[in-house]
Amino acid sequence: FVVLSLSSVLVHSGGVHGGHYYAYIRPTLSDQWFKFDDERVTKEDVKRALEEQYGGEEELPQTNPGFNNSPFKFTKYSNAYMLVYIRESDKEKIICNVDEKDIAEHLRIRLKKEQEEKEQKRKEKSEAHLYTIIKVARSEDLLEQIGKDIYFDLVDHDKVRSFRIQKQMPFTLFKEEVAKEFGVPVQCQRFWLWAKRQNHTYRPNRPLTPQEESQSVGQLREVSNKANNAELKLFLEVELGPDLRPIAPLDRTKEDILLFFKLYDPLKEELRYIGRLFVKGSGKPMEILTKLNEMAGYAPEQEIELYEEIKFEPHVMCEPIDKKIAFRSSQLEDGDIVCFQKPPPGSGQPCRYPDVPSFLDYVHNRQVVRFRSLEKPKEDEFSLELSKLHTYDDVVERVANHLGLDDPSKMRLTSHNCYSQQPKPQPIKYRGVDHLSDMLVHYNQTSDILYYEVLDIPLPELQGLKTLKVAFHHATKDEVVIHTIRLPKQSTVGDVINDLKTKVELSHPNAELRLLEVFYHKIYKIFPPGEKIENINDQYWTLRAEEIPEEEKQIGPHDRLIHVYHFMKDTAQNQVQVQNFGEPFFLVIREGETLAEVKVRIQQKLQVPDDEFSKWKFAFLSLGRPEYLQDSDVVSGRFQRRDVYGAWEQYLGLEHADSAPKRSYTANQNRHTFEKPVKIYN
């Protein structure tokens, strides 16, 4: 035979739907165990490693051993999942010192690389206070990003070249690094500081002065940045000569204004950066039109329209520029953005966004929404590009068009709960929100998911109706049929019953129906026929309709109508709890009737075979406490008390095993499982 030694125990902690794994290992097969739990390794004794990993229940030690109280038990949520054994004959080969040569080469390389990266990060973190990150944006970045990654402002600073520079380094030395990186000679570089404006835009504000350029990088960052972070953001201005080689920056006076230009094409719906110019504050836009046409590749005399991009939060502000008024008079300053375009095309060439402001509005408000069928709430079915400013009518019309639905009023939408990742319980009412943005917001979060359903009648009409799902229990047949009843909200329970009579099969033409409220296998209410249906909630309660038995119509003055429920006892956490199941029902008990007589009627009503019925126990239950009855007990004598909250708190309990599958309704069962087969009619 083979001798084995237990080497390790893999443990799962949690439940069926998820959890966490860790392991107990004894590397040398000694009595010393170690617990490996992610990055934590701790010493453990044999008891923890082995004896406590069997799952099941655990008893807490008694605090008062002298008293005869039962010990408290609780379920353990961890147990051994896999055991690893080592053959005694192979012990010397496996339990031995591991040399570096025993580790595969690719693993050695990987481990070494990981260690070096870890050490580098640690070093950078410990030395972070000695360095400044300088982010340098150039015209090339603006060309690359505007119209692709961004539309507003000039650049995403997270996507430009960044330098990690020691704070003590003179800025002049940094310029030499820039020269090596970008191939721009030091004498051809002019750096501008960026500034965040009051309207939350971020623009080049002013060039560095010679005095500032003589400082260290650290001193310059403190000057430029009121916020206490380690970054310095700069714009590198480079002028190019006729041969497209860098030249020294042009002399700049206080009269000069640096403007950036974007070109918009309404037919292509395209916005792109085309360059920057210095203009005189006293000059007029009409003086640079020829130059702008040249930059755009247009004919020199091409008519163009100019707009200033002012801000984009919380909404877009983009206004026309008067070409005849001086730049300074139009309040243009360093870092401002001018967008221009050809005049909007005529009616022969229709376009969605004819001018810069309408296009920027579209870009700012566009929203790709993922639509899911309410019946399949986990699956994206299609996506539509919409605008946050779209009205309720705009949105349902676009969805209806996509689905090929003629009548958009038959669309009903439901918002997404960002926390539960489920549809919200209540759908959006007809024109109940103003804009798409209102549909997508959930508290302080914004979603991009909407759920849809196609109704059989228009939503405004449906909202005037109350829809109830009613389970009809046939008096003689072994089935439950679920009907959807749709009536005006002002209707009564009597109207529901009359509507139901036209849809169900009755045991005889004059049968009377009643509507019950059932919750967790107990009957809580018989609805009066005159009660309005508007406030009836069928989301959490089951509405059950049934014929009123003849015996209940002929109830005598001393007879009693009692609740009868199925139950079993569940021992949880050392406490006995009563658990109801199956279909509850009413039963008339006569004065002086014994349990033996009542049992005959119950067996006949439920059609339970003798061999099974003989195992049943019968109890009077009040507030969840069973008092078991003998065949000779007079049942009506137990049901005299009136000092209980509701009639459902006192009932005749039928104790037996629940042989039905654990769900509300299940098809193809024998009658004595007390859950009837279900048909659903909508």
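This is a predicted model: local features need pLDDT of at least 70, side-chain atom pairs count only at pLDDT 80 or more; totals for chains, interfaces and linings use all residues.
Residues are numbered from 1 along each chain as its sequence is written, and side-chain values use heavy atoms, without hydrogens or water. Local features need pLDDT of at least 70 and side-chain atom pairs count only at pLDDT 80 or more, while totals for chains, interfaces and linings use all residues.

Start at the surface. Val2, Leu4, Leu83 and Tyr85 make up a nonpolar patch there, with about 390 Å² of accessible area together. Patch members have over 30% relative accessible area and no salt bridge; like charges are joined within 9 Å, nonpolar side chains (Val, Leu, Ile, Met, Phe, Trp, Tyr) within 5 Å. A salt bridge is a side-chain nitrogen of Lys or Arg within 4 Å of a carboxyl oxygen of Asp or Glu. Areas come from the Shrake-Rupley method with a 1.4 Å probe, and for residues only the protein chains shown count as cover. Leu83 belongs to strand 7, residues 78-87. Helices (H or I, at least four residues) and strands (E, at least two) are DSSP runs, numbered from the N terminus. Leu83 counts as partly exposed because its relative accessibility is 44%; buried means under 20%, exposed over 50%, partly exposed in between (1.4 Å probe, protein chains only).

Next comes an annotated stretch. An unreviewed UniProt entry places a "coiled-coil region" at residues 101-128. UniProt positions follow the numbering used here, feature names are shortened, and annotations may be inferred rather than shown by experiment. In the model, residues 101-128 are 79% helix and 0% strand, and the end C-alpha atoms lie 37 Å apart.

Two strands pair if DSSP finds at least two bridges between them. Strand 22 (residues 411-417) and strand 26 (residues 449-454) are antiparallel, with 5 bridges. Leu413 stands opposite Tyr452 of strand 26. In a regular strand the side chains alternate between the two faces of the sheet.

Arg372 sits in strand 20, residues 366-373. Arg372 counts as buried because its relative accessible area is 10%. Beyond residues up to four places away in sequence, its contacts include Glu379, Asp380, Glu381, Tyr451 and Tyr452; contact means heavy atoms within 4.5 Å. Ser387 lies in strand 21. Ser387 is buried too, at 14% relative accessibility. Leaving aside neighbours within four places, Ser387 touches Asn365, Arg366 and Leu436.

Further along is a hairpin. Strand 27 and strand 28 form it, with 6 residues between them. Strand 27 (residues 465-473) and strand 28 (residues 480-488) pair antiparallel over 9 bridges. Lys469 has Thr484 as its bridge partner in strand 28. Strand 27 also runs parallel to strand 31 (residues 542-547), joined by 4 bridges. There, Val470 is the bridge partner of Leu543.

Finally, check the backbone. Glu313 and Pro314 are joined by a cis peptide bond, with omega about 0 degrees. Pro314 is in the loop between strand 17 (305-311) and strand 18 (317-320). Gln421 is not a glycine, yet has a positive phi of about 55 degrees. Gln421 lies in the loop between strand 22 and strand 23. Its relative accessibility of 41% makes Gln421 partly exposed. Arg431, also not a glycine, has a positive phi of about 50 degrees. Arg431 occupies the loop between strand 23 and helix 11 (436-440).
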